[in-house]
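Dear colleague,

Please find below the structure that I am handing over to you. My findings follow directly after it.

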Amino acid sequence: MNVAIVRAADWPDMLELAKLHIAAHHEAHGGYDRTIEDVARTWQAAADIHALLARASSGECVGFIAHRQISGDERFITDMYVRPDVRKSGIGQKLLRATLAPKSVSLTVWGGNAPAIALYEKLGFLPAGPAIVDQHGRSMIQMKWSV
Ligand SMILES: CC(C)(COP(=O)(O)OP(=O)(O)OC[C@H]1O[C@@H](n2cnc3c(N)ncnc32)[C@H](O)[C@@H]1OP(=O)(O)O)[C@@H](O)C(=O)NCCC(=O)NCCS
């Protein structure tokens, strides 16, 4: 599938982000009681979060990635998701590559998430620091990419 990676900028983009965010939450944790508009408002208000959308030529958005700028040189990936029906076609890799700058990028990933860990390793992420437990009680691996 041909996709363009675009910066999420306007309200329609926030609605697309919100739909993908809710789908990601359903997949990872089950039910979610927030509306699309409510989640979109949260994304719009998060001035320190930068989000990219994977937009197909049909116009629909099929994935996203978001990061927080920790310092001038360092980013932390907060979210990443590709719609299940278009996985394994290079979209996750394209989104991640678009975020790999300027000097180092870190993230945490659930230790049981083999597809995501394989993707991060493929793009050069290495384990960084001890495992940590998230708010859902899951053991999370810290990983880091550096130039
Ligand atoms: C992880 C995720 C973003 C990958 O997206 P994707 O578009 O399917 O990934 P790509 O097609 O770009 O795959 C790139 C590489 O990742 C690895 N990979 C992706 N899916 C994989 C799978 N199911 N099993 C093993 N490796 C996998 C492979 O190394 C692959 O390279 P290859 O195609 O040459 O083998 C997607 O599975 C997803 O959205 N999962 C649910 C949300 C999630 O886990 N987010 C990350 C939270 S930390």
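**The ligand shell**

Around the ligand, the residues of the shell divide into 11 nonpolar, 5 polar and 3 charged. Please note that this is a predicted model. Of the 19 residues around the ligand, those that come nearest are R87, G92, Q93, P115 and L119. Three elements, strand 4 (74–82), helix 3 (91–99) and helix 4 (114–122), each supply at least two residues of this shell. Helix 4 provides the largest share, with 6 residues.

In soluble globular proteins, nonpolar side chains tend to be buried together. The largest nonpolar core in this model has 33 residues, and L17, A51, L53, A54, F64 and I65 are those with the most contacts inside it. At least two residues of this core come from each of helix 1, helix 2, strand 2, strand 3 (61–69), strand 4, helix 3, strand 5 (104–110) and strand 8 (139–146). Strand 3 gives the most to the core, namely 5 residues. As for A51, leaving aside its neighbours within four places in sequence, this residue is in contact with A8, L17, W43, F64 and A66.

**The two sides of helix 2**

Within helix 2 (residues 36–45), the residues V39, A40 and W43 are buried. These residues lie on the same side of helix 2, because they cover an arc of only 100° around the axis. Helix 1 (11–29) and strand 2 (49–56) are included in what covers the buried residues of helix 2. The face turned away from the buried side of helix 2 carries the exposed residues E37, D38 and A45.

**Two backbone features in loops**

Two places in the backbone may also be of interest to you. The peptide bond from A101 to P102 is cis, with omega near -10°. P102 has its place in the loop between helix 3 and strand 5.

K88 is found in the loop between strand 4 and helix 3. Is K88 buried or exposed? K88 has 9 other C-beta atoms within 10 Å, and a residue with 12 or fewer counts as exposed; K88 is therefore exposed.

With kind regards

Definitions and conventions. Residues numbered from 1 in each chain as written. Predicted model: local features only at pLDDT ≥ 70, side-chain atom pairs only at ≥ 80, totals over all residues. Buried ≥ 20, exposed ≤ 12 C-beta atoms within 10 Å, placed from the backbone. Helix = DSSP H or I, 4+ residues; strand = E, 2+ residues; numbered from the N terminus. Arc of directions from axis to C-beta. Contact = placed C-beta atoms within 7 Å. Near = placed C-beta within 6 Å. Nonpolar A, V, L, I, M, F, W, Y, C, P; charged D, E, K, R; others polar. Core = buried A, V, L, I, M, F, W, Y, C linked by C-beta atoms within 7 Å.
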